[in-house]
Amino acid sequence: MNVVKAAVLRYRVMAYVTGVVLIVLCFVGIPLQVAGKPAVANDVGVVHGILYIIYLINAWILSRKLKLENKPTVIMLLAGTVPIMTFIVERWISRRFIAPALASQVPAPEPVRPG
Amino acid sequence: MSFGVTLHGMENAGTAAPSPGAVPSPSSGPSPSSGPVWRFLIQPRWLGWHLLMVVSFWGMLWLGDWQFHRALSGNALSWAYTFEWPLFAGFAVVFWAKTIRDEFRIRRGEIADPRAMAAQLPAGMGIAQASVVAGLDDGGDEDEELSAYNAYLARLNAEVKDHGRWHGLR
C-alpha cells in the first residue's frame, strides 16, 4: 500500500468513526441533556472532541497528499463538526479527488513489442 | 491572556514565506503567469482566504478564553475545551503556513501538481464521468486497483484517440 492509499484509509476510518460518534452525541446525547440527563452528552462530547482532533490531522495529511485546493480542504476539515456531513463529504472527496488521484498513479503497462 | 508570540509566528508564516519567492529564478521550471511567484498571495481569492484564517484564528482563541472563564466558574467540562480551542487555533496557523509553502512549490514547479491530473482526463469527460468509468459511482465497494486501472485505460484511450490525425489517417 503506498503513501496516498494509506492516507486515504486513515482519513476514511476517522471520517466514519468521528461521524458515528457525532451522530450519537447529537441524536442521543443532546436530547437526553435537554431531558435533564447531561451525563451522555458530556462523555460523548469529550470523546468526539478527541476524535475530531485525530480526524483533523488525518484529513489534513490527505489534503496535502492530494494537494487539494483550499475550498475542499476547509470543507473536509469542518465536516467533522456537522452531523452526517463526514459521510457525505467522504463520498464527495472520494469521487471528485481520490479516484482521479489513484487513477493517475497506475503505472503504464509494459509496451507490447510486435513480432 | 497575551497571544503576541503566536501572532508573531503567524505573521512570519504569512509574510516571511514569500521572501524566497520574491526572487524568481528563471531556471526553476514553468511559471503559469508572469511576475514573481509570491504574487498569487495578493490575489483577491487568496486575500479572502487570509482574512478567513485571521478571523477564525482569533475567533478560536476567543472561544478558548470564554471556555477558560466558564471553567474557572466551576464548569469542569470546560477545562477540556479550554485547551482544545487554542490547539485548533494552532492547527489553523500550521495548516495555513504549510498550504502556502506547498502552493509555492507547485508554482515553482518543484513538485508535480496532482490537480493537473484532472486536465489529463479525456476531453469532454469531467472527473465525475471518469469516476463512473472507474466504477466508483455504484456503491464504491469495488476493488480500488481495478477501478483505478479502468480510469487509467479510459484516459489512455482518449489520449490516443485523435493521434491518427497526425499521420493523415483521419
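Which pattern does chain A follow when read along the sequence? Chain A reads α-α-α-α. It has four helices and zero strands. Helices (H or I, at least four residues) and strands (E, at least two) are DSSP runs, numbered from the N terminus.

This is a predicted model: local features need pLDDT of at least 70, side-chain atom pairs count only at pLDDT 80 or more, and totals for chains, interfaces and linings use all residues. Residues are numbered from 1 along each chain as its sequence is written, while chains are lettered from A and ligands numbered from 1 in the order in which they are written.

**The two chains**

Chain B follows the pattern α-α-α-α-α-α-α along its sequence. Its count is seven helices and zero strands. Buried residues (20 or more other C-beta atoms within 10 Å of their own; exposed means 12 or fewer, partly exposed in between; C-beta atoms are placed from the backbone) make up 35% of the 115 residues in chain A. In chain B, they make up 19% of the 170 residues. A contact needs two C-beta atoms, placed from the backbone, within 7 Å. Among contacts with a separation of 6 or more, residues 24 or more positions apart account for 62% in chain A. The corresponding share in chain B is 52%.

**Helix H1 of chain A**

H1(A) covers residues 3-34. Its 32 residues should span 46 Å at 1.5 Å a residue, and its end C-alpha atoms are 45 Å apart, which agrees. The expected span is 1.5 Å times one less than the number of residues. H1(A) still bends by about 30 degrees at A:Leu25. That bend is the angle between axes fitted to the seven residues ending there and the seven starting there. A:Leu25 is also buried. Other buried residues of H1(A) include A:Ala7, A:Tyr11, A:Met14, A:Thr18 and A:Leu22. An α-helix has 3.6 residues a turn, so residues three or four places apart point the same way. The buried residues of H1(A) pack against helix H2 (39-66) and helix H4 (85-105) of chain A. Just after H1(A), A:Gly36 takes a positive phi of about 100 degrees.

Two packed helices are described by the angle between their axes and the distance between the axes. Axes are lines fitted to C-alpha atoms, for helices over the stretch in contact, and angles run from 0 to 180 degrees between N-to-C directions.

| Pair | Angle | Axis distance |
|---|---|---|
| H1(A) and H2(A) | about 155 degrees | 8 Å |
| H2(A) and H3(A) | about 160 degrees | 9 Å |

H2(A) is therefore roughly antiparallel to H3(A). H1(A) and H2(A) are likewise roughly antiparallel to each other. Angles under 35 degrees count as roughly parallel, over 145 as roughly antiparallel, 65 to 115 as roughly perpendicular and the rest as oblique.

What is the handedness of each crossing? H1(A) passes H2(A) in a left-handed crossing. H2(A) passes H3(A) in a right-handed crossing. On the H2(A) side, the contact with H3(A) is made by A:Leu56, A:Ala59, A:Trp60 and A:Ser63. H3(A) contributes A:Thr73, A:Met76 and A:Leu77. A crossing is left-handed if the near helix is turned anticlockwise from the far one by less than a right angle, and right-handed if clockwise.

**B:Met60**

B:Met60 is found in helix H3 (residues 44-72) of chain B. It is partly exposed, with 19 other C-beta atoms within 10 Å. Not counting residues up to four places away in sequence, B:Met60 touches B:Trp85, B:Phe88, B:Ala89 and B:Ala92. B:Pro86 lies 26 residues from B:Met60 along the chain, and their C-alpha atoms are separated by 6.5 Å.
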